Amino acid sequence: MSLKSLFLGLALLCALPVQPAAASGYTQTQYPIVLVHGLFGFDSLAGVDYWYGIPQALSQDGATVYVVNVSAANSTEVRGEQLLVQIDNILALTGAKKVNLIGHSHGGPTARYAASISPGKVASVTSVGGVNWGSRFADALRGTIAPGSVSESVIGAAANAFSSIIEFLSGTPADPQDSVAALNALTTAGSLAFNASYPEGMPSQYCGQGQMQAANGVYYFSWSGASPLTNVLDVTDAALGLTSLVFGESNDGLVSSCSSHLGKVIRDDYAMNHLDEVNQTFGLVSLFETNPKTLYRNQANRLKNLGL
């Protein structure tokens, strides 16, 4: 076993949640729930959780929850391989036969990759604001940064450095960073190429519904927001409001509603932006929409009722 695998195993063991004695069982799935972050994501950074309050909301009524960490910026395949290593560690630690993956943003395709490569280890994939058909914002960036250009090298190096800082501050092993590969993966062209190789759960057409249970036996679900501006106190709303202007269709600021579709689409029009979907920033979400933590709890209950 490599030092990195040992480190991940110990980290996952330490992350095992304490189950309350009087848990209601509402979120008590048969298989552990594994949360997979998106681009420039992390598990916990300087005491701030990426999935703000969500693991606790899930575990308080019976769920066993793990928060994994993959490269902050890299291709879907590289991130997916890192996820597979951590899935193996979780299965070894818990004795479970499978896991339920929930991925946000780039974490959606990352989870899909793991499920396509090792369907026997994955019971379900839930994509939250997932970049399943690509992002027009990524298309816009790719259109302004010519492949192989000096600008690409400079911007890519800066983004890689930023990703490495995220990894360092989150206290995780130094995973490889490749921001250019991440950008290419998140474009429409990159996503369509990925879908051709890993089609499980994908709708046959843009904005359609996919199969809830694909031919590989894995269950697929998705939901997303469609309101870039949701809370005047959240300073990140302004940035997402600007990025939303490139879409020309319903979106959460970084991903269009239709692009988020995977498997059974629960909803694609919540009054949430891309960060609200993980209860950020610091829980400053819309007061007039279902709380994000409730959506995750409801999904855990949905999985439980399916025997997952």
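At what angle do helix α3 and helix α4 pack, and how far apart are their axes? The legends below start there. The model shown is predicted.

**View 1. Helix α3 packs against helix α4.** Helix α3 spans residues 76-94, and helix α4 spans residues 107-117. They pack at an angle of about 65°. Their axes lie 8 Å apart. The crossing of α3 past α4 is right-handed.

**View 2. Residues in the contact of α3 with α4.** From α3 come T76, E77, R79, G80, E81, L83, L84 and I87. From α4 come G107, P109, T110, A111, Y113, A114 and I117. Sorted by class, this contact has 8 nonpolar residues, 4 polar and 3 charged.

**View 3. Helix α4 within its surroundings.** Of the 11 residues of α4, 10 are buried, so the helix is largely enclosed by the rest of the structure. The buried residues are G107, G108, P109, T110, A111, R112, Y113, A114, A115 and S116.

**View 4. N231 in a loop.** N231 sits between β7 and α9 (236-243). Is N231 buried or exposed? Its relative accessible area is 12%, under the 20% cut-off, so N231 counts as buried. The N231 side chain comes within reach of two backbone atoms. One is the backbone nitrogen of L233, at 2.9 Å. The other is the backbone oxygen of V285, which lies 2.9 Å from a polar atom of that side chain. Leaving aside residues up to four places away in sequence, N231 touches D237, L284 and V285.

**View 5. L308 in the segment after α10.** Helix α10 covers residues 292-305, and L308 is found in the segment after it. L308 has 8% relative accessibility and counts as buried. Which residues does L308 touch, not counting residues up to four places away in sequence? They are T29, Q30, Y31, N100, A123, S124, Y219 and L303. A123 and L308 are 185 residues apart along the chain. Their C-alpha atoms are separated by 6.4 Å.

Key
Residues numbered from 1 in each chain as written. Predicted model: local features only at pLDDT ≥ 70, side-chain atom pairs only at ≥ 80, totals over all residues. Heavy atoms only, no water. Axes fitted to C-alpha atoms, helices over the stretch in contact; angles between N-to-C directions. Helix = DSSP H or I, 4+ residues; strand = E, 2+ residues; numbered from the N terminus. Left-handed = near helix turned anticlockwise from the far one by under 90°. Contact = heavy atoms within 4.5 Å. Nonpolar A, V, L, I, M, F, W, Y, C, P; charged D, E, K, R; others polar. Buried < 20%, exposed > 50% of the residue type's maximum accessible area, 1.4 Å probe, protein only. Polar contact = N/O pair within 3.5 Å; in protein donor to acceptor, adjacent residues only side chain to side chain.
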